[in-house]
Structures are given as C-alpha cells and as structure tokens.
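Biologist: Could you walk me through this chain step by step? I am new to reading structures.

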Amino acid sequence: RRSISRARLSLSHLRQFFGTSVAADITSERIGAYVRFRMDDKDSPAKPATVRRELSALRRMFTLAMQHGRIAYAPRFPRIAENNARTGFFESEQFASVLDELPVHLRPVAHFAYLTGWRRGEILSLRWAEVDFNHSTVRLEPGTTKNGEGRTFPFGTYPELAALLREQRESVRTLELSGGKVIPWVFVSAQGCQLADFYGAWRSACRRAGVPGRIFHDFRRTAVRNLERAGVPRSIAMKLTGQKTEAVYRRYAIV
C-alpha cells in the first residue's frame with residue numbers, strides 16, 4: 001500500500017507515548033492526553049491533520065483486535081477539527097508567468113496539468129503507449145491512479161491539448177534520435193530520462209513569477225473551475241479529472 005510509510009510514521013509517535021501499554025490501559029482519557037501531548041509540544045507541535053492520521057492508525061488497531069476476538073470493546077476517539085482545505089487557483093496571467101519561469105522541459109508538464117487537472121504523479125508516469133493520436137485520447141490504466149480506476153481524456157475537440165501532445169511527441173522523438181534509444185515516457189528531462197521530483201525548480205519559478213507559495217496541485221482546482229465555467233456536465237468533469245465522489249469534486253469546484 002502506498003500509505004505504509006505514513007502508517008509507520010504514525011506508529012513511531014504512538015509508541016513514543018503509549019510504550020508497551022496493553023489495550024485495556026489505552027482509555028479515552030489517555031487518548032485525549034495523547035492529542036494534547038502532540039499538539040501542545042513546545043518544540044514541534046503537530047498539526048490537527050497529522051494527529052488525526054495517527055489516531056486513525058490507533059483506531060484501526062482496536063478494530064482489528066475486536067474483529068479477531070482479542071478485546072471486547074474499544075475506547076471512544078475524540079474528533080479533531082481539521083481546516084486544511086486549499087483554495088489556490090491559477091488565473092491565465094499567473095499561469096503564463098510561471099510557465100515562462102520554468103525550465104523548458106518542465107513547461108509541458110505544467111501545461112498538461114493546467115488543461116487536464118491530472119495529478120502530478122499521474123502525469124509523470126504517463127507513457128506514449130497510453131496516448132492514442134488516431135482516436136485522440138490519452139488514458140490512465142486501472143491501478144495507476146489514486147482511486148485505482150482507469151481514466152480517459154479525449155482531446156479531439158480540445159485543440160490546445162492536442163497541440164501540446166503533438167509538440168511533445170516531436171520533442172521526445174528528437175531526443176530518441178539524438179540518444180539512439182526509445183523513450184517510453186511522455187514527459188521527460190532534458191536528457192530524456194523519466195522526470196522525478198522538481199519541487200525546487202517549481203518553487204523558484206513561482207517566486208520569480210510573483211506567486212510564491214503556490215503548489216502544483218493548484219492546477220487541479222484550476223482545471224475543475226475551468227470545466228465548470230465552460231458548462232461541462234459535472235458527471236463528465238468528474239470522469240475527466242478523476243474525482244470519485246461529488247463530495248470530493250465540490251471541494252475543487254469553487255467558482
């Protein structure tokens with residue numbers, strides 16, 4: 001599971017406080033004390049979202065223990081308010097400014113995200129085998145997305161996206177000819193390698209463009225807002241951008 005590293009981090013904090021306590025000794029009162037211990041730490045106080053994830057791991061432990069008949073009851077867990085909803089968007093002028101400041105090989109990545117609203121990991125893992133120029137579709141196979149479902153984005157009537165993909169195909173073909181190798185990925189580095197993290201380049205570009213602190217995920221909200229403004233039915237927009245439920249989609253559809 002992709003969440004295993006997050007679970008291990010939660011366990012390390014839980015062990016620090018509860019040590020070798022047995023389940024019967026972990027009461028609702030002690031859980032409340034743990035919350036205060038984590039959030040009131042003078043050196044490095046934990047954010048509410050972090051503590052919620054740690055308590056989620058602890059709650060899961062009790063659930064598994066009850067399912068297997070190891071314990072008879074589980075303590076009540078406190079509710080922690082979490083207000084971490086982001087509302088960032090890129091206006092067209094801001095997007096153009098950031099695009100100009102990005103390294104040349106990263107500009108197509110940002111442009112694709114701006115048009116489709118796909119997640120960064122989905123974009124960086126995209127391969128040419130998943131781009132069908134004959135039928136004007138780009139797709140993500142099942143199991144490669146966050147919710148595990150496949151996704152298709154048609155670009156036959158989306159000239160800007162079609163032009164971007166064709167230009168990128170020519171750019172990568174040039175790298176293939178110069179390097180004498182086949183490049184399976186759509187978006188690559190200047191040397192033709194698969195792109196990895198580019199946080200430093202992104203942060204520097206945003207600062208120079210006058211929009212410091214913006215994150216790549218803001219493109220996702222921007223694309224959803226643009227689809228809403230264009231009058232695309234919500235059921236279709238959710239399929240294009242990959243939101244599984246309308247409740248999640250509404251968090252992005254701020255117009």
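Modeller: Helices (H or I, at least four residues) and strands (E, at least two) are DSSP runs, numbered from the N terminus, and two strands pair if DSSP finds at least two bridges between them. This is a predicted model, where local features need pLDDT of at least 70, side-chain atom pairs count only at pLDDT 80 or more, and totals for chains, interfaces and linings use all residues. Residues are numbered from 1 along each chain as its sequence is written, and side-chain values use heavy atoms, with hydrogens and water left out.

Biologist: Which residue in E3 is the bridge partner of Leu-140?

Modeller: Strand E2 covers residues 137-140 and pairs with E3 over four bridges. The E3 partner of Leu-140 is Arg-151.

Biologist: Is Phe-95 buried or exposed?

Modeller: Phe-95 sits in helix H4 (residues 92-101). Beyond its neighbours within four places in sequence, Phe-95 has contacts (heavy atoms within 4.5 Å) that include Tyr-114 and Phe-219. Buried means under 20% relative accessible area and exposed over 50%, with partly exposed in between (1.4 Å probe, protein chains only). Phe-95 has 8% relative accessibility, so it counts as buried.
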